[in-house]
Amino acid sequence: MSQVKVKVLINKSPLKVPVGTKTLDAVKLMAQNNVGSVLIVDGDKPVGIFTERDLLKAVAKGEDLNKPVEKLGTYGKLITIREDEPLSNAARLMHQYDIRHLVVVDGKDKVVGVISIRDIISEKHLLSAISANPDEEWVGGD
């Protein structure tokens, strides 16, 4: 049986905001699109990521949400995974770096998407593998 590849989880382009975007504007964009992260870009180059977890930490610290998104998110070295790698590698990276989102790149290091831990645990093949009844319908939720 072949391993499921990361690319099966990519179903849309990642949301992007330019460096200097107010954090509050990034949060509004995330809410409007019902996603948990936005990619921070400098021109076309991805330079960071801002996630729901970053928002939670910022609010808990009383940070000003008018600050640039790169000040409150992860800025600098992005952890990426190639789209042709197995999902198990994505899960391993998330665990190793204690992150919930991974930037997915193609063979030329061009960003093709962002996957979340929720995407991985909602993956049909994984749910079938751990289910006592492979035909069982799984409904997610927090």
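Let's start at aspartate 98, which counts as exposed because its relative accessibility is 54%, above the 50% cut-off. In this predicted model, aspartate 98 forms a salt bridge with arginine 53. The protein has 142 residues, and 35% of them count as buried. Below is a quick tour of the salt bridges, the fold and the nonpolar cores.

**Salt bridges**

- The structure holds 3 salt bridges, and here's the general idea: side chains of opposite charge can pair when their charged atoms come close.
- For aspartate 98 and arginine 53, the closest N and O atoms are 3.4 Å apart.
- That pair ties together distant parts of the chain, with aspartate 98 sitting in the loop between α4 and β6 and arginine 53 in helix α2 (residues 52-60), 45 residues apart.
- Arginine 53 comes in at 25% relative accessibility, so it counts as partly exposed.
- Lysine 67 pairs up with glutamate 63, and their closest N and O atoms are 2.5 Å apart.
- Both partners here are partly exposed: lysine 67 has a relative accessible area of 32%, and glutamate 63 is at 27%.
- Aspartate 109 and arginine 82 make another salt bridge, at 3.3 Å from N to O.
- This pair also links distant parts of the chain: aspartate 109 is in the loop between β6 and β7 (111-116), while arginine 82 is in strand β5 (residues 80-82), 27 residues apart.
- Aspartate 109 counts as exposed at 51% relative accessibility, whereas arginine 82 is partly exposed at 31%.

**Fold**

- You'll find 6 helices and 7 strands in the protein.
- Going along the sequence, they come in the order β-α-β-β-α-α-β-β-α-β-β-α-α.
- Among contacts with a separation of 6 or more, 50% are between residues 24 or more positions apart.

**Nonpolar cores**

- As a rule, nonpolar side chains tend to be buried together in soluble globular proteins.
- The largest nonpolar core here has 12 residues in all: Val4, Val6, Leu9, Ile81, Leu87, Ala90, Leu93, Met94, Leu102, Val104, Ile115 and Ile120.
- Top contributor to the core is α4, with 4 residues.
- There's also a second, separate core of 11 residues, including Ala26, Val27, Ile40 and Leu72.

**Surface**

- The protein exposes about 9200 Å², and carbon and sulfur atoms supply 50% of that area.

Notes:
Residues are numbered from 1 along each chain as its sequence is written. This is a predicted model: local features need pLDDT of at least 70, side-chain atom pairs count only at pLDDT 80 or more; totals for chains, interfaces and linings use all residues. Side-chain values use heavy atoms; hydrogens and water are left out. A nonpolar core is a set of buried Ala, Val, Leu, Ile, Met, Phe, Trp, Tyr and Cys residues joined through side-chain atoms within 4.5 Å. Buried means under 20% relative accessible area, exposed over 50%, partly exposed in between (1.4 Å probe, protein chains only). Helices (H or I, at least four residues) and strands (E, at least two) are DSSP runs, numbered from the N terminus. Contact means heavy atoms within 4.5 Å. Accessible areas come from the Shrake-Rupley method with a 1.4 Å probe; for residues, only the protein chains shown count as cover. A salt bridge is a side-chain nitrogen of Lys or Arg within 4 Å of a carboxyl oxygen of Asp or Glu.
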